[in-house]
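Let's take a walk through a protein model together. Have a look at the structure first, and then we'll go through it piece by piece.

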Amino acid sequence: MKEETLIHTFTPREIVSELDKYIVGQHEAKRAVALALRNRWRRQQVPDDLKDEIAPKNIIMIGPTGVGKTEIARRLAKLSNAPFLKIEASKFTEVGYVGRDVESMIRDLVEIAINMVKSEENKRVEFKAREIAEERLLDLLLPPRPAPHPSDGLRSGEKPLEIVGEKTAPSTRERLRQLLRNGSLDERFVDVEITQTSMPMFEIFSGSGIEEMGINVKDMFSNLLPKKTKRKKVKIPEALEILTQEEVQKLIDMDRVVKEALSLVEQGGIVFLDEIDKIAGKDQGHGPDVSREGVQRDILPIVEGTKVNTKHGMVKTDHILFIAAGAFYVSKPSDLIPELQGRFPIRVELDSLGKEEFVRILTEPKNALIKQYKALMKTEGIELEFSPDAVEKIAEIAAEINEKTENIGARRLYTIMEKLLDDISFKAPEMSEPAITITAEYVEEQLKEFVEDEDLSRYIL
Ligand SMILES: Nc1ncnc2c1ncn2[C@@H]1O[C@H](COP(=O)(O)OP(=O)(O)OP(=O)(O)O)[C@@H](O)[C@H]1O
Ligand SMILES: [Mg+2]
């Protein structure tokens with residue numbers, strides 16, 4: 001089966017160690033999502049009759065703000081290699097989204113899957129497409145009229161002159177092919193016909209309202225209207241690219257892509273419902289928000305398993321995995337409607353972060369803040385260094401301010417680092433010294449007034 005090759009077979013341990021590259025700590029949450037991902041794959045291997053019985057074990061991640069919930073989701077998306085959609089549950093209550101139906105998340109997931117399968121297909125047919133494109137390009141460069149194209153076959157009764165042509169033409173063509181391949185023609189121009197696919201005019205109309213009925217207005221119209229083509233003068237490499245893309249489109253069997261994508265969604269799709277706490281709890285009964293309980297009731301059938309109509313066909317949601325996350329400051333998971341609670345049997349709590357974690361977050365992840373600032377300063381020709389005690393100091397201040405004012409988790413590090421490096425950042429282009437080391441003293445000096453003055457830190461850091 002094709003799906004199996006697309007759904008990655010990372011082991012739980014591998015998934016956790018991938019997540020470890022970006023997220024410090026939170027081992028329990030990493031473990032839970034890694035297991036859930038692996039279970040998708042396991043289910044694929046089970047005989048069909050039992051397969052349908054195995055329901056996904058949906059997860060709720062609970063933890064204070066800024067401790068890595070969304071970050072885990074983002075990284076997981078890249079690892080899962082299955083259709084993965086991250087969406088804020090609160091979207092469905094927001095003013096602009098009144099009436100936006102919850103089923104649209106399944107439609108979005110289908111689009112994601114279609115793009116995934118399509119790009120797999122792209123890779124598969126690209127070689128062939130390039131071959132055909134090369135022939136077409138050679139035809140453009142060397143119109144086959146005077147000497148018949150070899151594939152034209154034999155034309156009986158032609159004049160002897162043509163026979164001479166036939167002899168030389170393939171070799172001319174081959175010589176040209178050589179020139180084309182070794183790049184000697186890269187600076188030459190050629191005229192190509194470009195089919196206009198985008199019709200910006202219709203973008204305006206095909207907003208989300210119509211989209212949600214499962215009709216693609218753009219497709220409808222573009223099939224009605226005659227295809228517009230335009231001649232364009234482009235350099236040879238670009239022409240080859242254009243022709244290749246055209247051939248790719250012709251070679252891809254869209255019916256199969258759609259079929260595969262739908263099955264991929266049904267069997268392996270993952271929806272990450274972020275900010276689920278925002279739809280928990282009793283409605284306050286004011287404002288234009290859609291009732292939160294209403295949103296929960298809308299989500300429920302999708303999580304329980306229903307059929308959603310998309311423009312590509314019906315999708316069964318029974319086996320889609322849902323991972324929810326929320327801070328649950330005001331509300332509790334028990335404030336969710338009971339039916340929905342029951343559909344999220346796995347609960348994991350994320351730890352709040354302290355000084356030690358901050359030290360690691362500043363330095364360890366692949367995208368660690370300190371690495372980012374160093375790279376940025378390097379563009380100005382400055383080697384920025386942080387002494388170990390400076391890192392300690394930053395972490396300490398972050399933890400302290402989180403305690404004194406509001407605990408915003410690792411996000412505190414962003415505001416602090418920005419303030420800390422404000423001065424250097426501004427003056428960097430004019431600085432003459434090639435290396436700067438940030439010391440604990442410098443950190444203290446730059447941030448002292450904010451740390452001492454609680455009100456000030458509330459606003460600035
Ligand atoms: N454990 C961690 N390791 C590394 N970086 C982290 C960690 N926790 C948070 N961060 C960083 O802090 C920022 C905020 O984290 P994230 O968006 O995951 O918060 P969250 O838990 O989803 O919070 P919220 O409940 O407010 O949505 C991100 O840029 C992330 O990289
Ligand atoms: Mg978040």
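This is a predicted model: local features need pLDDT of at least 70, side-chain atom pairs count only at pLDDT 80 or more; totals for chains, interfaces and linings use all residues.

## A strand on the inside

Now find strand β8, residues 321-326. Six of its six residues are buried, so the rest of the structure largely encloses this strand. In a regular strand, side chains alternate between the two faces of the sheet. Here, Leu-321, Ile-323 and Ala-325 point one way from β8, while Phe-322, Ala-324 and Gly-326 point the other way.

## Its partners

Which strands pair with β8? Strand β1 (residues 59-62) runs parallel to β8, joined to it by four bridges. In this pairing, Ile-59 sits opposite Ile-323.

Strand β5 (residues 270-274) also runs parallel to β8, again with four bridges. There, Phe-272 has Ile-323 as its bridge partner.

## Around the ligand

Ligand 1 has 18 residues around it, and the closest are Thr-65, Gly-68, Lys-69, Thr-70 and Ala-410. That shell is made up of seven nonpolar, eight polar and three charged residues. Helix α5 (residues 69-80) gives the most to it, with three residues.

The protein chain has a mean pLDDT of 82, and 80% of its residues reach 70 or more. Confidence is highest in helix α15 (residues 355-363), at a mean of 94, and lowest in helix α1 (residues 2-6), at 45.

Two stretches to handle with care are residues 1-7, where pLDDT stays under 50, and residues 200-212, where pLDDT also stays under 50.

Key:
Residues are numbered from 1 along each chain as its sequence is written. Chains are lettered from A and ligands numbered from 1 in the order in which they are written. A residue is near a molecule or strand if its C-beta atom, placed from the backbone, lies within 6 Å of it. Helices (H or I, at least four residues) and strands (E, at least two) are DSSP runs, numbered from the N terminus. Ala, Val, Leu, Ile, Met, Phe, Trp, Tyr, Cys and Pro count as nonpolar, Asp, Glu, Lys and Arg as charged, and the others, Gly among them, as polar. pLDDT is the predictor's confidence in each residue, from 0 to 100. Two residues are in contact if their C-beta atoms, placed from the backbone, lie within 7 Å. A residue is buried if 20 or more other C-beta atoms lie within 10 Å of its own, exposed if 12 or fewer, and partly exposed in between; C-beta atoms are placed from the backbone. Two strands pair if DSSP finds at least two bridges between them.
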